Amino acid sequence: RLMLVDKASIRRHPDHPDFVMVDLLLMQRFRPVAKVRQLVDCRNGKRADLLAEPSFDDQGLPVDLDWKMLDDSSSLLEVTCF
């Protein structure tokens, strides 16, 4: 399996620059390429899948996400939080 970051898809919230939305391309032998949208919290080193249209609070931040902690050496943090 292979996971690639679509750098052209990286978007930052103008009021919350520590949050980055990015598309990941998941490739696996004999399977079609899957695209998964992620929200990365660069300040706190965590990520969440954006599988459907999320709900947002009054500050423009998504609510009710299933956050996963990332290792400090995570490639996802390195690529998206530059």
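The following legends describe close-up views of a predicted model.

**View A. The largest pocket and its centre.** The volume of the largest pocket is about 280 Å³. Its lining comprises 16 residues, of which Met21, Leu39, Leu50, Pro54 and Phe56 are the closest to the centre.

**View B. The make-up of the pocket lining.** Sorted by class, the residues that line the largest pocket are 10 nonpolar, 2 polar and 4 charged. At least two lining residues come from each of strand 1 (2–13), strand 2 (16–27) and strand 3 (34–41). Strand 1 makes the greatest contribution to this lining, with 3 residues.

**View C. Lys46, a buried residue in strand 4.** Lys46 lies in strand 4, which spans residues 46–49. Although Lys46 is buried, Lys46 forms no salt bridge. The nearest side chain of opposite charge belongs to Asp41, at 4.2 Å; a salt bridge would require a side-chain nitrogen within 4 Å of a carboxyl oxygen. Leaving aside residues up to four places away in sequence, Lys46 is in contact with Leu39, Val40, Asp41, Trp67, Lys68, Met69 and Leu70.

**View D. Val33, an exposed residue in a loop.** Val33 is found in the loop that joins strand 2 and strand 3. Val33 counts as exposed because its relative accessibility is 51%, and the exposed class begins over 50%. When residues up to four places away in sequence are set aside, Val33 touches Leu25, Leu26 and Met27. The view also includes Leu4, which is 29 residues from Val33 along the chain, with a separation of 11 Å between the two C-alpha atoms.

Note on methods
Residues are numbered from 1 along each chain as its sequence is written. This is a predicted model: local features need pLDDT of at least 70, side-chain atom pairs count only at pLDDT 80 or more; totals for chains, interfaces and linings use all residues. Side-chain values use heavy atoms; hydrogens and water are left out. On a 1 Å grid over the protein atoms alone, a cavity is a set of points where a 1.4 Å probe fits but cannot get out, and a pocket is an open set with protein on both sides within 12 Å along at least five of seven lines; lining residues have an atom within 4 Å of a point. Grid points are joined across faces, edges and corners, and a volume is the space filled by probe spheres set on the points. Helices (H or I, at least four residues) and strands (E, at least two) are DSSP runs, numbered from the N terminus. Ala, Val, Leu, Ile, Met, Phe, Trp, Tyr, Cys and Pro count as nonpolar, Asp, Glu, Lys and Arg as charged, and the others, Gly among them, as polar. Buried means under 20% relative accessible area, exposed over 50%, partly exposed in between (1.4 Å probe, protein chains only). Lys and Arg count as positive and Asp and Glu as negative; His and the chain ends are not counted. Contact means heavy atoms within 4.5 Å.
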